[in-house]
Amino acid sequence: MNKNFITAYCIAENNIVYKNGLELYATEGILSENFFLSAYNHFNLNYPKFYKMDNLSKLGWLASEILLKDENLHEHYASEDIGIVLSNANASLDTDLNYSETIKDIPSPAVFVYTLPNIVIGEISIRNGFKGENAFFISEKFDAALLEQYVNILFSSNACQSCICGWTETLEDNYKCVLFLVEKEKRNLNLEFIKDNLEAIFNANAEG
Amino acid sequence: MQGISIISDNIFSPLGKTTAENFAHLKNGSSGIELITNSDLSSESFYSSMFQHDFNNGNYTKFEQILIASMQDALNNCDINVKDKKTIFILSSTKGNIDLLDKKVYNEELKERIALHTSAKLIAEHFGFINKPLIISNACISGVLAILTAKRLLESGQYENAIIAGADIVSKFVLSGFQSFQAISSQPCKPFDANRSGLTLGETAGTLILSSDKKYSSNIKVVSGSVSNDANHLSAPSRTSEELSMAIQKTLRNANIFEREIDFISAHGTATLYNDEMEAKAISLSKLESTPVNSLKGFYGHTLGAAGIIESAVTIQSMRENIIIPTKGFEKIGVSKPVNICDNLQKKSLNNCLKIASGFGGCNAAILFSN
């Protein structure tokens, strides 16, 4: 099997946003929802749809904006060749709890639509016009081996030429998002797309 | 021929406990859909295909019990060793145990009980799988994507056998959501019909067992498949249908077969105005307008994470018997593009059959079964 490479990565956790190991934005002592909004403002993102998203989509979408900034994916790939493969432990439970509250009064279709974990893939796809392969996996913990295996199969079978993959989780006031851009060519970073590198990046801030 | 062999299957539904029982009912035109009055689920009566007995015994929830029953029957009919390290269990569901949120107070314990990985772990332990289960939750394409994922993993050589099981149950959570969208039909759903007015929900579990072992090479195979995203809207399908059509065309191209070689299409056919219109356009755009099409939603309702699996199991049984099941509820064409919706039982040699699906989040999937 040919080697593939991590050409960019973005981490959002503990009120800090990193891209390719560099801290781009940090703030202190605020709740997750406020952090998503303050990061949105900090990076001058202008996308009114952001305000109607649930927290899982806000987080995944924000991280994808930072991950893809200056990467010019559309110059390199057809929209149908860009895939998105995401994962987390609790699916859309964060919004399921909110929707469940609305049932007691008037069920909200605007909230109900977010009660599926793959909606965040839909939001990233709409923003960027990505039309390729999708998958949302549920695993108790970050499963680097599964991502390595599945995304490599997508590449080797030509199901995609470029893929955004990773983990995005929000539940009540806890959140963590780690996204990787994977391509066949090395470009700037010298990081092979293998499970050990995925795990090292995922856990980079674990002690901090 | 390339592909991964299908060696066993099950449909565990309100119509029957095995694929054979289910297929007999489908041939007779019997539907599982009936008018349900249940104040725990809805203040008004609604049409649905639901199990009529309780599942509240044992350590497993209803969702897990129907999965276990379905998997057990499929495993009884083949010689796959679940304890083999070359065997993987793949679970497909959109909402799993979400009904617990309708009934219980949320706390840390309930959080764990609702998590799909908890259900997958309990089921894996019940059967004795040694590999960690793989879980797919990708809206209404979950079942088709689970089959495609199994095919991909088996072709990579990582595993030799895959047990793919999918289920969802009818809950107040999901029913109220579709009601809030005005998407629930006031009659049993009527896929592709001029008078269709929305979907009917259903609950079912389904299982397919796949193997790359050459000893099954004369079986029906999963040959190719593809997934796409509309990149257009979260809850309304693509206006152009280009993206579902793209998934269909990639699936045919990867299998090296022509449109005219497709004998039958098992559609998603939820009977919402938008879904059926979008699917008809995609079928037409893929130059498959004369190919026979059915939807099984008039028998089972929309079973969400099970739909792709049970509709594939029926398609595979159709290929074994060379019979196309008619589209229950369909009378008069109600989509703007010509499509060949089956409205009576047809006998036809079935060698290449497509299963297609689309879901919230703009996702589409297609998969090809060949004999």
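Which strand of chain B do two bridges join to strand 3 (residues 46-49) of chain B, and does that pair run parallel or antiparallel? The partner is strand 7 of chain B, and the two strands run parallel. Please keep in mind that this is a predicted model.

- Three strands of chain B make up an open sheet with mixed pairing, in the order 2-3-7.
- Strand 2 (33-36) and strand 7 of chain B are at the edges with a single partner strand each, so one side of each has no neighbour in the sheet.
- Where strand 3 of chain B meets strand 7 of chain B through two bridges, B:Ser49 sits opposite B:Gly202.
- As background, the strands of a sheet pair through backbone hydrogen bonds, in either a parallel or an antiparallel way.

**Two domains in chain B**

- Chain B splits into domain 1 (4-216) and domain 2 (221-370).
- The C-alpha centres of these two domains of chain B are 19 Å apart.
- On the domain 1 side, 62 residues are in contact with 66 residues of domain 2 of chain B.
- Together the two domains of chain B bury about 5000 Å², and carbon and sulfur atoms account for 70% of it.
- Three residues stand out here: B:Phe23, B:Phe192 and B:Arg196 provide 17% of the area that domain 1 of chain B buries against domain 2 of chain B, more than any other three residues.

**Polar links and make-up of the domain interface**

- Four salt bridges are found across the interface of domain 1 and domain 2 of chain B.
- B:Arg196 also forms a salt bridge with B:Asp276, with 3.6 Å between the closest N and O atoms.
- The interface between these domains of chain B also has 22 residue pairs in polar contact (both at pLDDT 80 or more).
- Elements that each supply at least two residues to the side of domain 1 of chain B that touches domain 2 of chain B include strand 1 (4-12), helix 1 (19-28) and strand 6 (161-168) of chain B.
- Helix 6 of chain B gives the largest share of that side of domain 1, with eight residues.
- Sorted by class, the side of domain 1 of chain B that touches domain 2 of chain B holds 30 nonpolar, 23 polar and nine charged residues.

**Where chain B meets chain A**

- Contact between the chains involves 50 residues of chain B and 49 residues of chain A.
- About 4000 Å² is buried between chain B and chain A, with 62% of it from carbon and sulfur atoms.
- Four salt bridges are found across this interface of chain B and chain A.
- B:Arg152 and A:Glu133 meet through their side chains in a salt bridge (2.8 Å, N to O).
- There are also 20 residue pairs in polar contact (both at pLDDT 80 or more) across the interface of chain B and chain A.
- Among the elements giving two or more residues to the side of chain B that touches chain A are helix 5 (116-127), helix 6 (142-155) and helix 8 (242-255) of chain B.
- Helix 7 of chain B gives the most to that side, with seven residues.
- By class, the side of chain B that touches chain A consists of 23 nonpolar, 17 polar and 10 charged residues.

**Strand pairing between the chains**

- Strand 5 (residues 134-138) of chain A is joined by two bridges to strand 5 of chain B, and the pair runs antiparallel.
- Opposite A:Phe137 stands B:Ile136, in strand 5 of chain B.

Note on methods. Residues are numbered from 1 along each chain as its sequence is written. Chains are lettered from A and ligands numbered from 1 in the order in which they are written. Side-chain values use heavy atoms; hydrogens and water are left out. Contact means heavy atoms within 4.5 Å. Buried area is the accessible area (1.4 Å probe) that two parts lose on being put together, summed over both. A polar contact is a pair of N or O atoms within 3.5 Å; within protein, one must be able to donate a hydrogen and the other to accept it, and residues adjacent in sequence count only if both atoms are side-chain atoms. Helices (H or I, at least four residues) and strands (E, at least two) are DSSP runs, numbered from the N terminus. Ala, Val, Leu, Ile, Met, Phe, Trp, Tyr, Cys and Pro count as nonpolar, Asp, Glu, Lys and Arg as charged, and the others, Gly among them, as polar. Two strands pair if DSSP finds at least two bridges between them. Domain bounds come from an automatic or database domain assignment.
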